[in-house]
Amino acid sequence: MRNTDKYPVEGPNSLWQVYKTISRFKAVRNFIFIQISRYAPSLPMKRWIYRHVLGMKVGEHASFALMVMVDVFFPEKIEVGDNTIIGYNSTILTHEYLIKEYRLGRVKIGSHVMIGANTTILPGVTIGDHAVVGAGSVVHKDVAPYSFVAGNPLQVIREDVRMTEQDR
């Protein structure tokens, strides 16, 4: 189960009420800096923007590939560990606006994690250290450390991806 906080709304669907949730200035500022980061080839520059402008916790040598889309409204709820790779065109969401409510949840991605291209990570999930997420997956639940998961719905492919002496 994802760890999200639920906020009921009255009236039109919650997305119509987004600016009661966050300021327009924050949304526009985040959008501009996220777009710069999506196309920037410099990994240190991306990390600087994520850390110092968007308020994300990003570990040393964490790498965000081209076109990665982080949450526009609540990027500060994203934490990425050391030496992790987020693959091309992946999306990390910390919010979901529904008809009668909106939900917010932290996303914690551990260290030495590999996220394949075109992956969507939903709010409120934790991906453990040394995990591997296959390309095109939808991460809708927590991923255990050292596991290899893939698909939609997400399935465990292998529970322990630690290398043995024979694998080396």
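The backbone nitrogen of Thr119 lies 3.2 Å from a polar atom of the Ser90 side chain, and the backbone oxygen of Gly87 lies 3.0 Å from a polar atom of that side chain. Both are polar contacts, meaning a pair of N or O atoms within 3.5 Å; within protein, one must be able to donate a hydrogen and the other to accept it, and residues adjacent in sequence count only if both atoms are side-chain atoms. The model is predicted, so local features need pLDDT of at least 70 and side-chain atom pairs count only at pLDDT 80 or more, while totals for chains, interfaces and linings use all residues. Residues are numbered from 1 along each chain as its sequence is written, and side-chain values use heavy atoms, with hydrogens and water left out.

Ser90 is found in the loop between β6 (85-86) and β7 (91-92); strands (E, at least two residues) and helices (H or I, at least four) are DSSP runs, numbered from the N terminus. Ser90 counts as buried because its relative accessible area is 0%. Buried means under 20% relative accessible area, exposed over 50%, and partly exposed in between, for a 1.4 Å probe and protein chains only. Leaving aside residues up to four places away in sequence, Ser90 touches Met67, Val68, Met69, Ile115, Gly116, Ala117, Asn118 and Thr119, where contact means heavy atoms within 4.5 Å.

Asn89 lies in the loop between β6 and β7. Asn89 has a positive phi of about 60° although it is not a glycine, and its relative accessible area of 28% makes it partly exposed.

## The parallel sheet

An open sheet of 4 strands has the order β4-β7-β12-β15, with parallel pairing. Its edge strands are β4 and β15 (138-139), each of which pairs on one side only. Two strands pair if DSSP finds at least two bridges between them. Strand β12 (residues 120-121) is joined to β15 by 2 bridges, and Thr120 has Val138 in β15 as its bridge partner.

## Helix α3

In helix α3 (residues 43-53), Lys46, Arg47, Ile49, Tyr50 and Val53 are buried. The buried residues of α3 pack against α2 (24-39), β2 (57-58), β3 (63-64) and β4 (69-70). Gly55, whose phi is positive and near 80°, follows α3.

## Aromatic pairs and charges over rings

A pair of aromatic rings is described by the distance of the centres and the angle of the planes. The whole structure holds 4 aromatic pairs. Rings of Phe, Tyr and Trp (its six-membered ring) pair if their centres lie within 6.5 Å; planes under 30 degrees apart count as stacked, over 60 as edge-to-face and the rest as tilted. Two of the pairs are tabulated below.

| Pair | Centre distance | Plane angle | Class |
|---|---|---|---|
| Tyr50 and Phe64 | 4.5 Å | 55° | tilted |
| Phe73 and Tyr97 | 5.9 Å | 85° | edge-to-face |

Tyr50 lies in helix α3 and Phe64 in strand β3, so their pair ties together parts that are 14 residues apart in sequence. Tyr50 is buried, with a relative accessible area of 1%, and Phe64 is buried at 2% relative accessibility.

Phe73, in the loop between β4 and β5 (78-80), and Tyr97, in strand β8 (residues 95-97), are 24 residues apart, and their pair links distant parts of the chain. Both Phe73 and Tyr97 are buried. Together with Tyr7 and Tyr102, these two residues form one aromatic cluster.

Charged groups also sit over rings, a term that requires NZ of Lys or CZ of Arg within 6 Å of the ring centre and within 35 degrees of the ring normal. Arg24 lies over the face of Tyr19, at 4.3 Å from the ring centre, and the charged end of Arg162 sits over the ring of Tyr146, 4.0 Å from its centre.

His112 is placed in the loop between β10 (107-109) and β11 (114-115), and is partly exposed at 40% relative accessibility. Apart from residues up to four places away in sequence, His112 touches Asp82, Asn83, Thr84, His130 and Ala131. A polar contact of 3.2 Å joins the side chains of His112 and Asn83.

Asn83 lies in the loop between β5 and β6. Its phi is near 55°, a positive value in a residue other than glycine, and Asn83 is partly exposed at 42% relative accessibility.

Asn152 and Pro153 are joined by a cis peptide bond with omega of about 10°. Pro153 belongs to the loop between β16 (148-150) and β17 (155-158).
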